[in-house]
Structure formats: C-alpha cells, structure tokens
Amino acid sequence: MFFQCKSVRSVLVAKTVALSLFASPLIAEACTRVVYQGANNDVITARSMDWKVDVATNLWVFPKGMERNGEAGENSIKWTSKYGSVIASGYDIATTDGMNEEGLSASVLWLVESDYPEFNKDKPGLTIAAWAQYVLDNYATVEEAVTALKDEPFTIVTDKVPGESRLATLHLSISDASGDSAIIEYIDGKQVIHHSREYQVMTNSPTFDQQLALNSYWQQIGGTVMLPGTNRAADRFARASFYINAIPKHENTDIALASVFGVIRNVSVPFGITTPDQPNISSTRWRTVADQKRKLYFFESALTPNTFWVDLKGLDFSAETGKVKKLDLGENQTNIFSGKVNEEFKESKPFQFLGLEAAQ
C-alpha cells in the first residue's frame with residue numbers, strides 16, 4: 001500500500017495540492033500504469049495508452065545481441081542488448097511499453113512537468129524514444145536498473161512529438177518479476193528516482209511526489225466510501241491505487257489476471273471522450289497487461305473485440321538465431337487477433353528510434 005497519512009498537516013498538504021490542481025487545468029495525456037502483487041509470487045503490470053490520435057502502434061520481438069545506439073549524433077551511448085523483449089511501439093520510432101525475457105516491464109507515460117538536463121556532450125546522449133528499450137535491453141531487475149541509472153550513464157535527448165510542435169515529455173516506470181517497482185522522472189533538469197515495491201501506480205501530472213500526497217488524502221476517506229471519478233490523472237491515480245490493492249489475491253492466476261484487466265479498464269477513458277478545457281486528455285486506444293511470472297504479454301485494442309497475447313517463453317531470443325519480428329496491428333490497431341499470436345509475427349527490419357540524426 002502507499003504511505004498512509006501521518007498527521008493533520010499531511011492531509012492539509014494533500015488538500016492544498018488537490019485544490020491547486022482543480023484551480024489550474026492540467027495538460028496531460030491520460031495514461032495509467034498499475035502493478036499487482038498477488039498470491040504465489042504473481043506479479044502483473046498493466047498500462048493504458050491514451051492519445052488524441054492513432055499512435056500507429058505495432059508489436060515487435062527484439063532478440064538479444066542487437067547493436068544499439070542512442071540516436072543523439074556522434075556522442076551517442078552505444079550498447080548491445082543483453083535480453084530479448086516484446087514491445088509496443090509508438091509510430092514505429094519509439095518503444096512505449098514492453099517486457100523482456102526476465103520479466104522486467106517498462107512503460108513511458110506523459111509528464112508535462114518533465115525538464116531534461118542540457119545535452120552538452122559531457123556524457124553520451126540517449127533519445128527519449130529509446131529510453132524504455134535501453135532498460136529492457138540491459139537489466140533483469142528493478143534493483144539492477146536503479147543502481148545503474150543512479151550513475152546517470154547518459155543524457156536524455158528529446159525532440160518534437162511527430163506531427164506536433166511540442167517536445168516529448170515523459171517519465172518512465174519499471175517493475176520486475178519480484179514485484180519491485182521504480183518511477184524515474186526528470187524535474188528541473190535533475191533525475192529523480194522513486195524506488196519501492198509500494199509504488200504500484202503511476203499516471204501523469206502532477207509529479208510523482210505530489211501524486212503520493214494526493215493519494216494519501218483519498219486513503220483517509222476510504223475507497224469504499226467515495227472515489228474521484230473523472231479522467232484527470234490525479235483521480236485515476238486514486239482509483240487505481242485503491243482497486244489494485246482491493247482486488248482479491250486469488251490463487252488462480254487467470255482469475256487474478258482478469259481482476260487486473262478490470263482495474264486498468266476502470267481507469268481507461270471511453271473511446272471518443274474528450275475534455276473541452278483540457279484537449280490533451282484523450283481516449284484510451286489500447287491496454288497491455290504483462291504477466292511477469294508466466295512471461296505472457298497481453299494486448300487489447302479499444303477498437304477490436306478480442307484480447308490476445310504473446311508467450312515470451314515460446315520465442316527465440318538468442319543472439320545467434322533470434323530474428324526481429326513485427327506484428328502489424330493496422331491503422332488504429334484494428335487488425336483482429338485472438339489467443340496466442342507468436343506465429344503471427346513476421347520477420348522484419350528493425351525500426352530506427354527517432355533521434356537527433358533522424359530529425360536532421
């Protein structure tokens with residue numbers, strides 16, 4: 001559970017934050033991520049992708065042994081992938097979500113308050129489009145990732161969102177098969193890492209520390225009494241935090257999986273819904289659910305009737321014989337699949353991450 005409110009002062013702080021949020025409309029994409037910690041060491045991470053236009057998402061299989069670079073020009077970080085992964089792309093230029101063969105899950109969500117360090121080339125650059133992929137390629141656990149990222153081996157380099165004039169401003173969430181979790185943000189040009197099994201939920205604005213303060217207020221009220229119901233990020237955070245811990249820790253993983261699907265659907269925005277004074281709060285376009293114990297990666301489009309999944313244990317991730325493969329989801333992710341789709345992937349040339357070189 002998230003930290004409990006310790007005093008009247010902490011409740012007042014949460015109320016003050018809440019009032020400031022309602023007084024000034026937030027501009028944020030309405031994604032949500034939750035981590036379920038169940039019986040028999042079951043860990044399941046779910047996220048929704050909310051955007052005002054088609055994100056042109058496809059699913060990709062990446063084997064280990066891939067030579068990568070940070071796409072930040074001559075001074076780009078370089079690495080060779082240690083782990084294979086299945087990912088959901090954005091515009092086939094970025095990794096937005098995914099899980100690697102060790103059960104590490106990574107998701108990027110919008111955070112308008114993000115402020116990245118200046119790229120002065122004192123250290124190598126990494127395009128924000130490959131931030132999640134870098135973590136999936138290099139680390140097996142959250143502890144391992146946090147230990148490495150604390151040393152800031154790269155500078156995040158961001159660019160404009162395709163088709164828009166604004167920069168991509170994201171924060172990163174990671175969770176692993178043990179249930180450990182971390183949230184990584186860049187605030188005022190500095191990296192901030194929140195690392196704890198208790199950090200099961202992430203949405204968008206405000207920054208994560210303020211989300212925790214808001215949630216402590218709703219915990220004092222109690223989710224069975226009242227929960228906020230709008231599509232605001234802070235309200236979705238409160239609902240997700242309550243429900244992900246309220247659902248039963250069922251011995252049957254399939255039933256637990258159904259419960260987690262219920263939570264992420266509960267905090268989704270119905271397709272076609274918009275907020276007049278906050279035009280960037282958008283409809284849910286798709287959801288993923290990663291079963292990190294059984295290594296199953298589920299995908300659900302808002303515009304198709306079926307949920308389908310990839311069994312990572314049945315994929316060839318080896319550097320010697322593994323192939324890059326793509327599952328074409330179609331415009332608005334309307335291609336229909338059902339059940340396990342391992343055999344539906346087609347060998348493909350890997351996409352290039354959007355970076356400084358690609359933009360020039």
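Leaving aside neighbours within four places in sequence, I found Thr45 in contact with Arg33, Val34, Val35, Ser105, Ser175, Thr288, Val289, Ala290 and Gln292. I note that the model is a predicted one.

I placed Thr45 in strand β2. I then looked up its accessibility: Thr45 has a relative accessible area of 4%, and it counts as buried because that value is under 20%. For its side chain I recorded a polar contact of 2.7 Å with the side chain of Ser175, and another of 2.7 Å with that of Gln292. I also checked Met99, which is 54 residues from Thr45 in sequence and 9.6 Å from it in space, C-alpha to C-alpha.

I turned next to helix α6, residues 253-266. Its 14 residues reach 20 Å from the first C-alpha to the last, close to the expected 20 Å. At its N-terminal end I found Asn252 as the cap, with a side-chain oxygen 2.8 Å from the backbone nitrogen of Asp254. I listed the buried residues of α6, among them Leu257, Val260, Phe261 and Ile264. The buried residues of α6 pack against several elements, including β2 (43-50), α5 (233-246) and β15 (284-291).

Finally, I traced an open sheet of nine strands, in the order β13-β12-β11-β8-β7-β6-β3-β18-β20, with antiparallel pairing. Strands β13 and β20 stand at the edges with a single partner each, so one side of each has no neighbour in the sheet. I saw helix α3 (residues 142-149) packing on this sheet, where it touches β11, β12 and β13; the direction of α3 makes about 155° with that of β13. Within the sheet, β3 and β18 pair over three bridges, and Leu59 stands opposite Leu327 in β18.

Methods
Residues numbered from 1 in each chain as written. Predicted model: local features only at pLDDT ≥ 70, side-chain atom pairs only at ≥ 80, totals over all residues. Heavy atoms only, no water. Helix = DSSP H or I, 4+ residues; strand = E, 2+ residues; numbered from the N terminus. Expected span 1.5 Å × (residues − 1). Buried < 20%, exposed > 50% of the residue type's maximum accessible area, 1.4 Å probe, protein only. Contact = heavy atoms within 4.5 Å. Polar contact = N/O pair within 3.5 Å; in protein donor to acceptor, adjacent residues only side chain to side chain. Pairing = 2+ DSSP bridges. Axes fitted to C-alpha atoms, helices over the stretch in contact; angles between N-to-C directions.
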